[in-house]
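Notebook open, structure loaded. I'm jotting down what I look up as I go.

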Amino acid sequence: MNIVVVGLGEVGKHIATVLSREDHNVTVVDLNPEAISAVDERLDVRSVVGRGGSIGVLKEIEVDKADLLIAVTNIDEVNILTSLMAKDSGANKVIARVDSEEYLPGNRGSYQDLFGIDLVISPEILSAIEINKLIGFLGANFIANFADNQVELLQLTQKKKQGVTGTSLKNLKFPPELLVTAIIRNEKLIIPSGDTVLEEGDKVFIIGKTATIGKSAEFFANQKSSGAEKVVILGGGKIGYSVAKFLEGKKISVVVIEWNQKRCQFLSEQLAEALVINGDGTDIELLRREKVGEADVFVAASKRDEINLMSSLLAKELGCKKTIALVHRPDYVPVYEHLGLDATISPRRFAADQILRYVRSGEVVSVSDIELGKGEILEFVVPAGSKVIGNMLKDLRIPKGAVIGAIAGKQGVIIPTGNDIISVGDNVIVFTTPEVRPKVEELFKSR
């Protein structure tokens, strides 16, 4: 595909990197010559310094020949204008990043055919949706959905539990229709076999039917799968406000801490149930006074990574059960996790993943990385002529380092055994390491 990416912030850089590695013809556009130069050094892309919405630039990049233009600058109006002009100039499809609540109807996070744009995505609302999932499932530190939300993946931290820790997977009598697909132990990825023994502190990735996977939290992590009763949110911006709005009517005590007095006034008027506090979320006396240590979840959703990190550490120190922190710079994620925070949310990465899922209309529907690239989750739509069709899984040459986690098709969702068979059109979710990913993709390709 001929793809144009306008805007080389964190979202644009990530999208351009992934798409160029997938052998698309990628053109990048940005006003900043330094950003263009940095991409030129790393990627095999065509680059242009200029405004994406400029008629001259659109002619220069031959936007009428573009299969897709993706506008992901940090300015909503630029993205909307660029997308509309590109569409009017002949681009086949356009995607725009839009964050302002003034332009978006509702809190869905992604919209098709809005303003005449094929796909509009809001990184901030997408992040709020993910945070809401984590609040609703206290035992999970990571949640991902596949096959139109029929399949769910959870990452849990293994607690010490008799009959579970120290026991091989083949001897565990855990709930049906669940599969352990990967384990992170001492920062190393393990694709488990039946002989793999669970240890306390393991990060365990479990896949199953969305409707029933909640049972896994109690079994593996020794925690109830129920949601929170008290949530404290630091930051009343778009993400913090959206999270609080999602929680209304759910019988959850919500406290929002926001330093800007004018924004506090807005929050007080818009949130019927939340308690809004004007103050500094890194003030430990304020956190003590608001009994943050008794909260089930502390959400650090300010616009500054340093504040999110510091306030989350203080909340953890005070005894809060679960901390969720926004990370605006993805390279900070390892620091957060090393310091013991339970979950991190990257708005830019969510936006990039949503766009990439839309772009991949062929065999590979989505690619999600775990533990900063140590492992990958691939979702395939099986094409006619694939080698996997009609064969029992035990007869397929699935490379070592990969495991099929779930199959969703006309028969519903299957957590497969060796005797199951894949059919044309099935959604298949595969855990793999980057080293064997090419072999997995070759297995699913149409001959």
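Predicted model: local features only at pLDDT ≥ 70, side-chain atom pairs only at ≥ 80, totals over all residues.

How much space lies in the largest cavity? I get about 40 Å³.

**Cavity**

I searched for cavities of 30 Å³ or more and the structure holds one. Which helix gives the most to the lining? Helix H13, residues 437-444, does, with three residues.

**Open sheet**

Then I went to the strands. Six of them form an open sheet, and I read the order as E15-E14-E13-E16-E17-E18, with parallel pairing. Strand E15 (275-278) and strand E18 (343-345) stand at the edges; each has a single partner strand, so one side of each is left without a neighbour in the sheet. From one strand to the next, the twist averages 15°.

I zoomed in on one pair. Strand E13 (residues 230-234) and strand E16 (residues 297-300) run in the parallel sense and pair over four bridges. Within E16, Ala300 is the residue that stands opposite Leu234.

What lies across E13, E16 and strand E17? I found helix H10, residues 305-318, there. Against E17 (322-326), H10 runs at about 175°.

**Thr181**

I picked two single residues to check. Thr181 has its place in strand E10, residues 178-185.

**Met85**

Met85 is in helix H4, residues 76-88. Its relative accessible area comes out at 21%. Buried means under 20% and exposed means over 50%, so I logged Met85 as partly exposed. Which residues is Met85 in contact with, leaving aside neighbours within four places in sequence? I noted Gly53, Ile55 and Leu58. For Leu58 I also took the C-alpha separation from Met85: 8.4 Å, with the two residues 27 apart along the chain.

Methods
Residues numbered from 1 in each chain as written. Heavy atoms only, no water. Pairing = 2+ DSSP bridges. Helix = DSSP H or I, 4+ residues; strand = E, 2+ residues; numbered from the N terminus. Axes fitted to C-alpha atoms, helices over the stretch in contact; angles between N-to-C directions. Contact = heavy atoms within 4.5 Å. 1 Å grid on protein atoms, 1.4 Å probe; cavity = no way out; pocket = protein on both sides within 12 Å on 5 of 7 lines; lining within 4 Å. Points joined across faces, edges and corners; volume = space filled by probe spheres on them. Buried < 20%, exposed > 50% of the residue type's maximum accessible area, 1.4 Å probe, protein only.
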